[in-house]
Amino acid sequence: MLDVRRLLLLIPDFPLTFGMKSFLKYWLPLVIWLGVIFVGSTDLMSAQHTSRFIVPFLRWLNPHISWAAIDTIHTVIRKLGHVSEYAILALVLWRALCSGAALRTKTPILFGAVLLACAVFAVIDEFHQSFVGSRTPSDRDVLLDSAGAFLGALIAVTFSQRAKQTNARSELVDARS
């Protein structure tokens with residue numbers, strides 16, 4: 001029988017060096033989220049399909065809403081989707097990168113790496129959409145995705161700085177005891 005763990009150890013820097021538990025906790029959520037983004041760029045989440053949910057909901061909220069207002073709200077919701085999905089991507093990527101004991105780098109470098117990785121994936125995502133008939137690739141969407149990644153990375157920096165301060169206070173209290 002094929003031993004997958006042994007096979008994966010042959011791959012340089014595979015997270016198994018930190019253990020399968022660590023991989024499942026930190027890296028698998030990242031892989032799953034990348035899959036969610038990929039599925040989101042298929043026909044399944046095209047404007048035609050999302051309007052099937054958004055338009056009836058808006059009509060339920062306000063039966064007299066104009067089509068122009070519906071179109072504007074639909075566009076805003078879709079664009080906020082770009083920002084939020086890449087903010088989440090940046091947070092999950094930050095978490096995965098910080099989980100490795102080997103990765104002890106300065107915050108600005110980590111911030112730049114997360115932004116770069118998210119921007120590259122945004123470009124790849126839009127390139128993928130060029131092959132989907134009901135989707136259109138857009139430079140603006142890459143900018144929105146990058147803005148979302150920037151927001152997510154800012155949130156990650158904020159929480160990591162707070163965690164460092166809390167740990168420093170905790171160590172100070174322990175040292176006094």
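**Exercise 1: E126 and its surroundings**

Decide whether E126 is buried or exposed, and find which residues E126 is in contact with.

Solution. 
- Start with the cut-offs: buried is under 20% relative accessible area, exposed is over 50%, and partly exposed is in between, using a 1.4 Å probe and protein chains only.
- E126 has 4% relative accessibility, so it counts as buried.
- A word on what you're looking at: this is a predicted model, in which local features need pLDDT of at least 70 and side-chain atom pairs count only at pLDDT 80 or more, while totals for chains, interfaces and linings use all residues. Residues are numbered from 1 along each chain as its sequence is written, and side-chain values use heavy atoms, with hydrogens and water left out.
- Helices here are DSSP runs of H or I with at least four residues, strands are runs of E with at least two, and numbering goes from the N terminus.
- Now the contacts, meaning heavy atoms within 4.5 Å. Skip the neighbours within four places in sequence, and E126 touches H82, T136, P137, S138, D141, V142 and D145.

**Exercise 2: I124**

Work out how I124 is classed by accessibility, and how far its C-alpha is from that of V142.

Solution. 
- I124 is in helix 5, which covers residues 107-129.
- With 47% relative accessibility, I124 is partly exposed.
- The C-alpha atoms of I124 and V142 are 9.4 Å apart, and the two residues are 18 apart along the chain.

**Exercise 3: helix 4 against helix 5**

Describe how helix 4 and helix 5 cross, and what kinds of residues make the contact.

Solution. 
- Axes are lines fitted to C-alpha atoms, for helices over the stretch in contact, and angles run from 0 to 180 degrees between N-to-C directions.
- The two axes come within 10 Å, crossing at roughly 135 degrees.
- Under 35 degrees is roughly parallel, over 145 roughly antiparallel, 65 to 115 roughly perpendicular, and the rest oblique. Helix 4 and helix 5 are therefore oblique to each other.
- A crossing is left-handed if the near helix is turned anticlockwise from the far one by less than a right angle, and right-handed if clockwise. For helix 4 and helix 5 the crossing is right-handed.
- Helix 4 brings residues including H82, Y86 and W94, while helix 5 brings F121, D125 and E126 among them.
- Sort the contact residues and you get 14 nonpolar, 2 polar and 2 charged. Nonpolar covers Ala, Val, Leu, Ile, Met, Phe, Trp, Tyr, Cys and Pro, charged covers Asp, Glu, Lys and Arg, and polar is the others, Gly among them.

**Exercise 4: the Y86 ring**

Find which type of aromatic pair Y86 and F121 form.

Solution. 
- Rings of Phe, Tyr and Trp (its six-membered ring) pair if their centres lie within 6.5 Å; planes under 30 degrees apart are stacked, over 60 edge-to-face, and the rest tilted.
- This rule gives 4 aromatic pairs.
- For Y86 and F121 the centres are 6.5 Å apart and the planes stand at 45 degrees, so the pair is tilted.
- This pair links distant parts of the chain, with Y86 in helix 4 and F121 in helix 5, 35 residues apart.
- Y86 has a relative accessible area of 0%, so it is buried.

**Exercise 5: helix 2 against helix 4**

Work out how helix 2 and helix 4 are oriented to each other.

Solution. 
- Helix 2 (residues 20-40) packs on helix 4 (residues 67-99) at about 155 degrees, with the axes 8 Å apart.
- The two are therefore roughly antiparallel.
- Their crossing is left-handed.
- The contact residues include W27, L30 and W33 of helix 2 and Y86, L89 and V92 of helix 4.
- They divide into 14 nonpolar, 1 polar and 3 charged.
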